[in-house]
Amino acid sequence: MTDEYRRDTKLVRGGLARTSFQETSEALFLNSGYVYDNAEEAAAAFAGEADRYVYSRYGNPTVTMLQDRLAALEGAEACLATGTGMAGVFAALACQLDTGDRVVASRALFGACYAILHDILPRWGITTEFVDGTDLDQWRAALSTPAKVVFFESPSNPMLDLVDIEAVAEMAHAAGATVIIDNVFATPIAQHPLTLGADIVIYSATKHIDGQGRVLGGAVLASETFIKERMLKFYRQTGPSISPFNAWVLVKSLETLSLRVERQAASALELARWLESRTDIADLRYPGLASHPQHALAKRQMSNGGSLVAFTLASGTESAFRVLNSLQLIDISNNLGDSKTLACHPGSTTHSSVSADDRAAMGIADGSIRLSIGLEDMEDLKTDLDRALAAI
Ligand SMILES: *Cc1c(COP(=O)(O)O)cnc(C)c1O
């Protein structure tokens, strides 16, 4: 979609490709294969001489609508949608890394992202140096040696550390590295990493993009050169493709993304302020509050503080469990970005595969709780949290 339209118009109409039936809503093409008029046409398609769909592992019209809408939203030249966020992370890394390559990454990562870099890629001779993503001196030291890829999340899951995207991208490029950012926590509404120098943006569409707890999905957004020349062949041959049905749910979800995310962020800010005023909570983290150690950076690179809030209870796992078990409205769930407010204990769930030492280095304490703020009434959320915190 051309750049003449603004964000909210692109969210509703970007990528729309109507069929000859002139349907209003995006059509769901729930098909795995395609047919050819004759054998020559099939041969031409496989020889790359005809621009047409051949198999839904390669491409599908509903998936294309999702990809085009996401690319328009992100301001990216190209997009490949994947079956999950992790399929996107793995494909974006594996399609460009060779044995002997070096990755530099921030340590504060989603557990599965950390596992790919820390446990899986080393089996193929690809090593990762982890740094404290908040510390530009550590990035500078690590990037004084050439690297192939720089990988980070900002804000990070779950403790909401930020990375200075512009500064790190500049150092990464000087070291010869491609910059990949997992932008899930910021959402495509609040942060535009490509304008800050990142090369590849990844989403778990399972989170805010669906935002209603229904389907898994992911997306990789980058230049046309990267997508077409680097990733497409890997994607077609290894099959991280998304189901057309899930793509259809997600393309419709994008229509309401800004409404949901902006409301969630406003509620998260109000709730964070309210939690911060309590004495039973230590170390409340929300990028939109002045108390966040990187609040100035948050204001520079994000248009809101996001929908996630993290806090730590001084008394450890037992009291964190007691608070979670005392919630009556807010659900215990490791998902996030949902219209339902969700709470989790990262140490025993999303980050249980990370060693205790590494968890501590990421700032995750035994008493840490992550809240994903949904769309419920604010007073009902406060009442529920007040009751749960009274249990300790
Ligand atoms: C959930 C999540 C992922 C993985 O996405 P899936 O869709 O669950 O595969 C990756 N990164 C971050 C930051 C996440 O929160």
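**Ligand site and domain arrangement**

The ligand sits in the second largest pocket, a pocket being an open set of points on a 1 Å grid over the protein atoms alone, with protein on both sides within 12 Å along at least five of seven lines; sitting there requires more than half of the ligand atoms to lie within 2 Å of the grid points. The model is predicted, so to speak plainly of cut-offs, local features need pLDDT of at least 70 and side-chain atom pairs pLDDT 80 or more, while totals for chains, interfaces and linings use all residues. Residues are numbered from 1 along each chain, and side-chain values use heavy atoms, without hydrogens and water.

Around the ligand stand 15 residues (a heavy atom within 4 Å), and Met86, Asp182, Ser204, Thr206 and Lys207 come nearest. By class, this shell holds six nonpolar, six polar and three charged residues, with Gly counted as polar.

Polar contacts (N or O pairs within 3.5 Å) reach oxygen atoms of the ligand from Thr206, through a polar side-chain atom at 2.6 Å, and from Lys207, through a polar side-chain atom at 2.8 Å. Gly85 takes part with a backbone N or O atom, 2.9 Å from a ligand oxygen. Of the 380 Å² that the ligand exposes when taken alone, the protein buries 91% (Shrake-Rupley method, 1.4 Å probe).

On the larger scale, the domain assignment, automatic or from a database, gives domain 1 (7–254) and domain 2 (258–389). The domain centres, taken over C-alpha atoms, are separated by 26 Å.

Terms used: Polar contact = N/O pair within 3.5 Å; in protein donor to acceptor, adjacent residues only side chain to side chain. 1 Å grid on protein atoms, 1.4 Å probe; cavity = no way out; pocket = protein on both sides within 12 Å on 5 of 7 lines; lining within 4 Å.
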